[in-house]
Amino acid sequence: MKKVFVLLVACAMAMPLLNSCKKGENDPGISLKSRKARLTAEWTLKEGTETETSGTTTVTTYTGTSVSYGSGTASPYSETLTYNTDGTFEWKMVSGLNSNTYEGSWFFGSKIKELDLKNKESVIMVCTKSTSVSGGVTNQATYDGANAQIFTFIIDELKSKELILKLDGTTTSGTVSTTTGTKTYEAK
């Protein structure tokens, strides 16, 4: 009986330590896979909302098969985000006959005290190539060095089969534009 009691006390004391290792706010307390192993997969957008305020406010709502802006009609839409083990990514958004694809390198962000981010709580994607198709016309661009586009997402939850990314940022360039929201993805 004494051994069981000691084991229970040890487990109770270890729980806060395990919880402090969590990176994302809603990450599982314990995972048998590393953070990189859980992230490297092909993710399909399941749902999400995005609110952009820049003078006016626009709310974008995503489902697995459509997107709607404000109270407008839903249009066909799909999105896949692939993180490869070699550090490359592909992010593809398809809306009707139009599409945008970004390719490049990804890595986890480090701890940033000023932004209240833990180590590996964000994923940073450095875009070296983009391809857009609109009206049957394909346009490609490549980026190198300081001209590379950078996308940063905060990982709210990372499980083996579910990824929730938080969109939270402000741009000031003459006017102030703020974007907030979340996107939930499922692993294929």
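Select Asp 116 to begin: this residue is exposed, with a relative accessible area of 67%. Here exposed means over 50% relative accessible area, buried under 20%, and partly exposed in between, computed with a 1.4 Å probe on protein chains only. The model is predicted, so local features need pLDDT of at least 70 and side-chain atom pairs count only at pLDDT 80 or more, while totals for chains, interfaces and linings use all residues. Residues are numbered from 1 along each chain as its sequence is written, and side-chain values use heavy atoms, with hydrogens and water left out.

Stay on Asp 116 and look at the backbone. Its phi is positive, about 55°, although Asp 116 is not a glycine. The residue sits in the loop between β7 (98-108) and β8 (122-134). Strands are DSSP runs of E with at least two residues, and helices are runs of H or I with at least four, both numbered from the N terminus.

Next, select Lys 120, which is also placed in the loop between β7 and β8. Lys 120 has a positive phi, near 65°, and is a residue other than glycine. How exposed is Lys 120? Lys 120 is partly exposed, at a relative accessible area of 34%.

Now move to Pro 76, in strand β4 (residues 75-76). Pro 76 is exposed, with a relative accessible area of 57%. Show its contacts (heavy atoms within 4.5 Å). Leaving aside residues up to four places away in sequence, Pro 76 touches Thr 65, Ser 66, Val 94, Ser 95 and Gly 96. For Ser 95, draw the C-alpha to C-alpha distance to Pro 76: the separation is 5.7 Å, for residues 19 apart along the chain.
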